[in-house]
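Work through the exercises below with the sequence and the 3D view at hand. Try each task before reading its solution.

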Amino acid sequence: MISTPLCGLIPVNWAPQNRATLVYVVVDASVLLIKKLRGHGAGKVNAPGGKIEPGETAEECAARELYEEVGLYAVDMELGATLRFLDSGNGYSMEGLVFVSQGAAGTPKTTPEAVPFWCTVDQIPYAQMWEDDRFWLPHVLAGSYVRGDFLFDHDKLKEWYLERDGGV
């Protein structure tokens, strides 16, 4: 998959090594987050998600990962963001598709992948998350669609660019 750059932060011929999803389950003014136990981002706070498997749509991946990581079934899931990541320090690249689910069926449970917890939207622990989250996640949780490019150097955010609902 080749994507066009938003503002030249990521090359025109960019093709991500991986495509992955995240799912933010929102109920009233609370959002379900996880403490990631293994894999990419282990030890950080994030949302359930993971890599899109061959033959799987982004929506199917998001629903599967939500169930595998915390035992929930998505309700009214919509795409909230398309994010592109490039780490110049280690060469890793990923396209992330972020979904928001307005509720979920089931009860969140701890798995070998994650420890789920609820928090209010105004108490999201950004200091424990990836650096870029504080720039795009508030917009997504407020109902905006976001596109962003994020350049890292060995997991340290160096530059970013964000478009929200067609505007910067």
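**Exercise 1. Is valine 31 buried or exposed, and what is its relative accessible area?**

Before starting, note that this is a predicted model, in which local features need pLDDT of at least 70, side-chain atom pairs count only at pLDDT 80 or more, and totals for chains, interfaces and linings use all residues. Residues are numbered from 1 along each chain as its sequence is written, and side-chain values use heavy atoms, with hydrogens and water left out.

Step 1. Valine 31 has a relative accessible area of 0%, so it is buried.

Step 2. Strands (E, at least two residues) and helices (H or I, at least four) are DSSP runs, numbered from the N terminus.

Step 3. Compare sequence and space: valine 31 and proline 48 are 17 residues apart along the chain, and 11 Å separates their C-alpha atoms.

**Exercise 2. How many disulfides does a search of the whole structure find?**

Step 1. Recall the bond: a disulfide is a covalent bond between the sulfur atoms of two cysteines.

Step 2. Apply the cut-off, a pair of cysteine sulfur atoms within 2.5 Å. The search of the whole structure gives 0 disulfides.

Step 3. Look at two cysteines. Cysteine 61 is buried because its relative accessibility is 0%. Cysteine 119 has 11% relative accessibility and therefore also counts as buried.

**Exercise 3. Describe helix α1: what is its span, and which of its residues are buried?**

Step 1. Helix α1 runs over residues 58-70, which is 13 residues. The expected span of a helix is 1.5 Å times one less than its number of residues. From first C-alpha to last, α1 reaches 18 Å, close to the expected 18 Å.

Step 2. List the buried residues of α1: Ala58, Cys61, Ala62, Glu65, Leu66, Glu69 and Val70.

Step 3. Seen down the axis of α1, the buried residues fall within an arc of 130°, so they line one face of the helix. The arc is that of the directions from the helix axis to the C-beta atoms.

Step 4. Glutamate 59 lies in α1 and is partly exposed because its relative accessible area is 43%. Glutamate 60 and threonine 21 are 39 residues apart in sequence, with 9.7 Å from C-alpha to C-alpha.

Step 5. After the helix comes glycine 71, whose phi is positive, near 75°.

**Exercise 4. Where are aspartate 76 and aspartate 155 found?**

Step 1. Aspartate 76 sits in the loop between β5 (73-74) and β6. Its phi is near 50°, a positive value in a residue other than glycine. With 58% relative accessibility, aspartate 76 counts as exposed.

Step 2. Aspartate 155 sits in the loop between β10 (146-153) and β11 (156-164). Its phi is also positive, about 70°, although it is not a glycine. Aspartate 155 counts as partly exposed because its relative accessibility is 42%.

**Exercise 5. Which element gives the most to the lining of the largest pocket?**

Step 1. Define the search. On a 1 Å grid over the protein atoms alone, a pocket is an open set of points where a 1.4 Å probe fits, with protein on both sides within 12 Å along at least five of seven lines; lining residues have an atom within 4 Å of a point. A volume is the space filled by probe spheres set on the points, which are joined across faces, edges and corners.

Step 2. The largest pocket holds about 610 Å³ of space. It is lined by 31 residues, and Ala20, His40, Asn46, Met94 and Trp130 lie nearest its centre.

Step 3. Elements giving two or more residues to this lining are β1 (18-27), β4 (49-51), α1, β6 (77-87), β7 (93-102) and α2 (133-141). β6 gives the most, with 4 residues.

Notes
Buried < 20%, exposed > 50% of the residue type's maximum accessible area, 1.4 Å probe, protein only.
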